[in-house]
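Keep the structure in view as you read.

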Amino acid sequence: MYVASSRPAKTEFRTRLPGTVFALGTVSLLTDISAEMVTAFLPVYLLFGLQMSYLQFGVLDGIYTGATAVLRLVGGYVADKANRHKTVALFGYGLSAVTKLAFPLVGASAFGIGGVLAADRAGKGVRTAPRDAMISLATPEDALGAAFGVHRTMDTIGALLGPLATFAVLAWMTTSPEPVFVISFCFALLGVIVLAFFVRQPPPSAPTRRVSLRRSAGLLRVTGVRRTTIAAGVLGLATMSDAFVFVVLQRVSGIGPTWLALMPVGTAAVFLLAATPLGKLADRFGRWAMFFAGHVVLLLAYVLLLGPVTGWLLVAVTLALHGLFYAATDGVLMAHGATLISPELRASGLSIIQTGQAMARLVSSIGFGFMLQYLGFGTAVALGVTVLAAALVAVYLLMRPAVKA
Amino acid sequence: MNRVAVGVAALVAVVLFGAGYVVWTINRPTATASSGGASGTGLRFVDQSDGRNRVDELAPDGTRTAGSLRCQRVYAAAGTTVCLRLAGLGPSYEVAVLGGSGEVLKTVGLPGVPSRARVSASGKIVSWTVFVVGDSYAVPGGFSTRTGYLDLRTGTVVESLEHYTAYIDGTPTKRDNFNFWGMTFADDDQTFYATLGSGTQTWLVKGDITRGEVRTLRANAECPSLSPDGKRVAYKKRAGTLGAWQLFVLDLESGEETPLPGSNGLDDQAAWLDGSTLAYAKVPQGQAPAIYASAADGSGEPRLLVSSASSPSPR
């Protein structure tokens, strides 16, 4: 079709992006307010409400995080198999909503709290792939980057509002735990209602063959999917955890430790501002190229942590680069992945790519933590720079034959 | 269309419920606090019964007086009070140091969740520890701590001890995963005891703020609290890697360690109410934290001082 390829030079994305993207963005915004309210509250709750050791909780949390990552794969597969993305996503969002009310019920039991958190994680794991598949199925291929950009922008706005809501409750209402959990539940419920009533299941894509476990797993034999999964995993292994970056940044810059708490806000602000424009750029110049460029930006941020620049200049530049890294990679990877996977296997395929990246990052954060027992921050960062540079070269060589455009 | 109408109605219902709940919570009558047991010396503590975190006082005869200060963690000595508290939406917590008539002498923003607070016996040195969460570079979901102090004689604020020289069994050692918590000062306002942590190891350390150094005294001892006579240190000690903590008292001269029976499961920096009584918070199974007192010589079971309360401090 010659006509289809000669679209106008300047396209207005607002008029072209389907309502589903904005509706799902609203669901994520509300759900993230709910989730981040609890995340911001948990430390205070555990330490003062329950007098529980944070270390004790941290160990359980680490175990559950690893265990529930696998549920992403299940969520993706079931959504494809039944061709009911919306139902599976509703189950995931609903499960997470209900857990907010379970916190006060389990009280000061480490296993109880761990179990509730695991259920919350399970909900998040189950819903992520079907939701991203719905975004991709509703959006024309040439606007995928923009669609995921808009979704991640809305999602991050929610993540920024959540902690504010918690501290507003604690400072102006009460430090009792129930109100935080009940208000968090209300936001989660609003998200579930928006999903149930304002999002439509994408029409079935007339599958050529039936979806089966064998075909879903067989996605890894598709060259593009396999290479993307490996490449995202390798880069994930070379990605230091956010917390690690912030701690090093605070030390290297020499600013007061009080600012540590605000650094994630800086990264998130840049992320939400840049996600949509970078998504649009990715649609024009190549989504894989944008994902790769995002990691080059991250490498620059790591290099700065070694460098001679200190003070507020370093903080501003590093947080800007860190936010740009997320904006160029988080939604863009899904947009790129969506172009490689046929519609009837979309959720399974996206879940494979996501799980690979998430597990790699988990391994990396444990590895860097372990290294600190023996190495200083400086050495660890130098190693991080080396590993990321090597990973970029390896990924460039791996992807070069596949992605010409 | 019908579907949209139902959706909108459901959204409105949830918003109305949420708003109603907020209004009801704000106007809910607060429970009257229970009075406590007689304690010999009396104490100050943070009330945990109604979510307002008032600092109340318990007189020696058990009469309870409600205070107006609100803190997550409090401690007082020689007319100086330290209060770790919420500070609105910005950097969300602060340490406030108050003088004898309740006037604020100094506030410092805190980088994390308040954990421990102390004032030296002279009232001149104030120290605190916070948990920095999300700072999970060691294990996913892990934590690190920042311990700082304020010297009221000079106005010097040290926000973290991480630049101190640490001697582990006499050898100067530098690790980037060192964390300090739970400072307690000696009468010279210079020597202190604290916890040094690295990975899963912890040590009781003795330090000096003028020299900026700490030396390990023994392993597996956290949140020390120096006795008024300066001869004993109370600390919590773990049974096994993730076992429950129990309170112990160490005689610094003889090195003899005495367990305090029945203190298992506490997580607190104990406070010496007098030369022979230690108070600490502990969570009875399935309930709000409560303050107990134990005899420092290890005799007898703990006594419940105040229920629904934490952060005991001498008056």
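In this predicted model, helices α12(A) and α17(A) cross in a left-handed way. Left-handed means that the near helix is turned anticlockwise from the far one by less than a right angle; clockwise makes a crossing right-handed. Helices here are DSSP runs (H or I, at least four residues), numbered from the N terminus.

This is a predicted model, where local features need pLDDT of at least 70, side-chain atom pairs count only at pLDDT 80 or more, and totals for chains, interfaces and linings use all residues. Residues are numbered from 1 along each chain as its sequence is written, chains are lettered from A and ligands numbered from 1 in the order in which they are written, and side-chain values use heavy atoms, with hydrogens and water left out.

Two packed helices are described by the angle between their axes and the distance between the axes. Axes are lines fitted to C-alpha atoms, for helices over the stretch in contact, and angles run from 0 to 180 degrees between N-to-C directions.

| Helix pair | Axes come within | Crossing angle |
|---|---|---|
| α12(A) and α17(A) | 11 Å | roughly 125 degrees |
| α12(A) and α15(A) | 9 Å | roughly 165 degrees |
| α13(A) and α15(A) | 6 Å | roughly 45 degrees |

Angles under 35 degrees count as roughly parallel, over 145 as roughly antiparallel, 65 to 115 as roughly perpendicular and the rest as oblique.

Start with α12(A) and α17(A). Their axes cross at roughly 125 degrees, which makes α12(A) oblique to α17(A). Contact means heavy atoms within 4.5 Å. From α12(A), Phe244, Val247, Val248 and Arg251 of chain A meet Phe377, Ala380 and Val381 of α17(A). This contact has six nonpolar, no polar and one charged residues. Ala, Val, Leu, Ile, Met, Phe, Trp, Tyr, Cys and Pro count as nonpolar, Asp, Glu, Lys and Arg as charged, and the others, Gly among them, as polar.

Next, α12(A) and α15(A) cross at roughly 165 degrees, so they are roughly antiparallel. The crossing is right-handed. By class, their contact has eight nonpolar, four polar and one charged residues.

**A cavity**

How many cavities of 30 Å³ or more does the structure hold? There are five. A cavity is a set of points, on a 1 Å grid over the protein atoms alone, where a 1.4 Å probe fits but cannot get out; lining residues have an atom within 4 Å of a point. A volume is the space filled by probe spheres set on the points, which are joined across faces, edges and corners.

The second largest cavity has about 60 Å³ of space. Its lining includes A:Tyr93, A:Lys100, A:Asp120 and A:Arg127. Helix α6(A) gives the most to this lining, with four residues.

Note on methods: Helix = DSSP H or I, 4+ residues; strand = E, 2+ residues; numbered from the N terminus. 1 Å grid on protein atoms, 1.4 Å probe; cavity = no way out; pocket = protein on both sides within 12 Å on 5 of 7 lines; lining within 4 Å.
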